Amino acid sequence: MKRSIKNWIQGFFIIITAGLFVLALGGCSAAYINPEHSDIFPFLGLALPIVLIANLVILLYWAIQFRWWVILPFVAIVCNISYIGAMYRIPFGQKARSDSALTVASYNVYGFRRGEYSAVMRDIATLFEKNDVDVACLQEVRLINRHSLDSMATIFSSLPNVVYHESDIAILSKYPVLTSGVIKFPNTGNNAVWADLWVDSTTVRILTVHMQTTGVAAVRSEFAGQPDDEGFSKEKRVILRLRDKLRDNARMRAAQAQELRQLIDTTTCPLIVCGDFNDTPSSYTYHTMRGKLTDGFKACGKGFGATFRSLRNVLRIDYIFYSPAFHGIRYDTPDVPFSDHRPVILHAEYDPQNID
């Protein structure tokens, strides 16, 4: 009898192990499969943190049992090592910022709504000054009432050159702006802005983007206060609507990433790409946007890389990538309360010998 129970338990764990292994491989594949061609893989990518933690637990179980099934969770974790490295980096001693480094910040400022408008704007400006930021890329910029573009430029006086194309994105720079443009995505209010800056006798292109939102907040608002339908609870309606929103918006971000990829691939000068991608490192969006660029966090970040302060602060959706002309020396994500996002700040040295 005891042996029968033991065999049943072992069989149960074998099934769980195989299932988690398949889910981990699916999550690993999500970065390479366009959401337009699959409904399931974007969700596998989102579930990847939970799946990997479960694989770690099952790995420890089989290790204690001295059974060869330990190979499956081990392979599952190894296959996702790139994702793990994009979420957590062992905090070795970081290099100090050098005088020759270019410092770029990307920050979704949440419309400067985490407090009194002007006060929040001044707090963010002070943060940039303390970090000696040379170029700041802001998403969700809201210029309201008496707060004009000129007043924002006054508050961010350390970054006097402003690029703003009547969108929700602004680029603020210490360096002169040679030219700039906006890319407005179809069927959404999201967009991207680029600017060519004259940095120490070199043209450097900055591309910053605010991609399609996940839609979670919109679904919450849509069903707030609504009663249950007969035979169909509000919870079921929320789940179905949320599934549809996540799927549709993943497809929109994928299309936006592909459009921006064309600009990235045709840029011949040193390039920095940053912004709020609204997607995780396991996503097709992240993989498409990064391409052959370097993820600043993976190169020189430290600790856990989460940038979205809501949803228990577990999501990394804000990024700074750079071309081979740069060498990252420091990457910070200060935990400041001025938005629902954390800013990301990259210190990088220019290396003209590495220009493609």
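**Helix α6**

I started with α6, residues 117-130, in this predicted model. The helix has 14 residues, and I get 20 Å from its first C-alpha to its last. That is close to the 20 Å expected at 1.5 Å a residue.

Next I looked up which residues of α6 are buried. My list reads Tyr117, Ser118, Val120, Met121, Ile124, Ala125, Leu127 and Phe128. I then asked myself what covers the buried residues of α6.

At the start of α6, I found a side-chain oxygen of Glu116 within 3.2 Å of the backbone nitrogen of Ser118. Ser118 is also on my buried list. Just after the helix, Asp132 takes a positive phi of about 50 degrees.

**Strand β9**

I moved on to β9, residues 271-276. Six of its six residues are buried, so the strand is largely enclosed by the rest of the structure. I sorted the residues by direction: Leu271, Val273 and Gly275 point one way, while Ile272, Cys274 and Asp276 point the other way.

Which strands does β9 pair with? I noted β8 and β12. Strand β8 (residues 202-210) runs parallel to β9, joined by six bridges. Here I see Val209 opposite Gly275. With β12 (residues 318-322) the pairing is antiparallel, over five bridges. On that side I put Val273 opposite Phe321.

Conventions
Residues numbered from 1 in each chain as written. Predicted model: local features only at pLDDT ≥ 70, side-chain atom pairs only at ≥ 80, totals over all residues. Heavy atoms only, no water. Helix = DSSP H or I, 4+ residues; strand = E, 2+ residues; numbered from the N terminus. Expected span 1.5 Å × (residues − 1). Buried < 20%, exposed > 50% of the residue type's maximum accessible area, 1.4 Å probe, protein only. Contact = heavy atoms within 4.5 Å. Polar contact = N/O pair within 3.5 Å; in protein donor to acceptor, adjacent residues only side chain to side chain. Pairing = 2+ DSSP bridges.
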